[in-house]
Amino acid sequence: MAKINFIMLSFVVLVVAITCVPSLAVEENEPKKLWDQCVVKISPNCALKIISQVFGDGVVSIPCCKELVQEGKECHDTLIKYIADRPSLIGNESKYLKKRDAVWVYCVSVSKAVSPA
């Protein structure tokens with residue numbers, strides 16, 4: 001549980017850094033434009049739920065799945081990879097990237113199931 005709280009706190013700090021000092025939030029090899037576009041597409045509450053599921057044992061709600069699918073796979077992949085690359089998490093990166101992909105597949109399926117035809 002402490003690790004999840006640390007991850008959530010890290011994400012909040014990351015979002016604040018992006019908002020206040022964009023040049024500090026993006027590593028040189030990341031496309032800044034994509035990063036800036038992705039962060040604003042999803043609510044902080046849903047971002048925390050997604051992070052909690054990928055990096056812990058949280059569960060993403062259907063409304064958050066809809067936001068995630070609207071955000072787009074490239075954004076989801078980029079943001080989770082960015083977090084998973086942190087020194088404290090890199091040892092389990094492959095596990096987190098598998099969970100990232102599982103969250104995406106789940107969210108796409110539930111979003112299609114509840115979307116009006």
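**Exercise 1. Which residues in H4 meet which residues in H7?**

Solution. The model is predicted: local features need pLDDT of at least 70, side-chain atom pairs count only at pLDDT 80 or more, and totals for chains, interfaces and linings use all residues. Residues are numbered from 1 along each chain as its sequence is written, and side-chain values use heavy atoms, with hydrogens and water left out.

Step 1. Take contact as heavy atoms within 4.5 Å. Helices are DSSP runs of H or I with at least four residues, strands are runs of E with at least two, and both are numbered from the N terminus.

Step 2. On the H4 side the residues are Gln 53, Val 54 and Phe 55, and they meet Tyr 96, Lys 99, Arg 100 and Val 103 in H7.

Step 3. Two packed helices are described by the angle between their axes and the distance between the axes. Axes are lines fitted to C-alpha atoms, for helices over the stretch in contact, and angles run from 0 to 180 degrees between N-to-C directions. For H4 and H7 the axes are 8 Å apart and the angle is about 130 degrees. H4 and H7 are therefore oblique to each other; angles under 35 degrees count as roughly parallel, over 145 as roughly antiparallel, 65 to 115 as roughly perpendicular and the rest as oblique.

Step 4. The crossing of H4 and H7 is right-handed. A crossing is right-handed if the near helix is turned clockwise from the far one by less than a right angle, and left-handed if anticlockwise.

**Exercise 2. Is Glu 93 buried or exposed, and what is in contact with Glu 93?**

Solution. Step 1. Glu 93 belongs to helix H7, residues 93-114. H7 has 22 residues and reaches 31 Å from its first C-alpha to its last, close to the 32 Å expected at 1.5 Å a residue; the expected span is 1.5 Å times one less than the number of residues.

Step 1. Glu 93 counts as buried because its relative accessibility is 15%. Buried means under 20% relative accessible area, exposed over 50% and partly exposed in between, with a 1.4 Å probe and protein chains only. Other buried residues of H7 include Tyr 96, Leu 97, Arg 100, Val 103 and Trp 104.

Step 2. Leaving aside neighbours within four places in sequence, Glu 93 is in contact with Lys 81, Ala 84 and Asp 85. With Lys 81, the side chain of Glu 93 makes a polar contact of 2.4 Å. A polar contact is a pair of N or O atoms within 3.5 Å; within protein, one must be able to donate a hydrogen and the other to accept it, and residues adjacent in sequence count only if both atoms are side-chain atoms.

Step 3. Phe 55 is 38 residues from Glu 93 in sequence, and their C-alpha atoms are 9.7 Å apart in space.

**Exercise 3. Compare the loop residues Val 60 and Ile 90.**

Solution. Step 1. Val 60 lies in the loop between H4 and helix H5 (62-71), while Ile 90 lies in the loop between H6 and H7.

Step 1. Val 60 counts as buried because its relative accessibility is 1%. Ile 90, at 41%, counts as partly exposed.

Step 2. Outside four places in sequence, Val 60 is in contact with Lys 49, Ile 50, Gln 53, Cys 65, Val 103, Tyr 106 and Cys 107.
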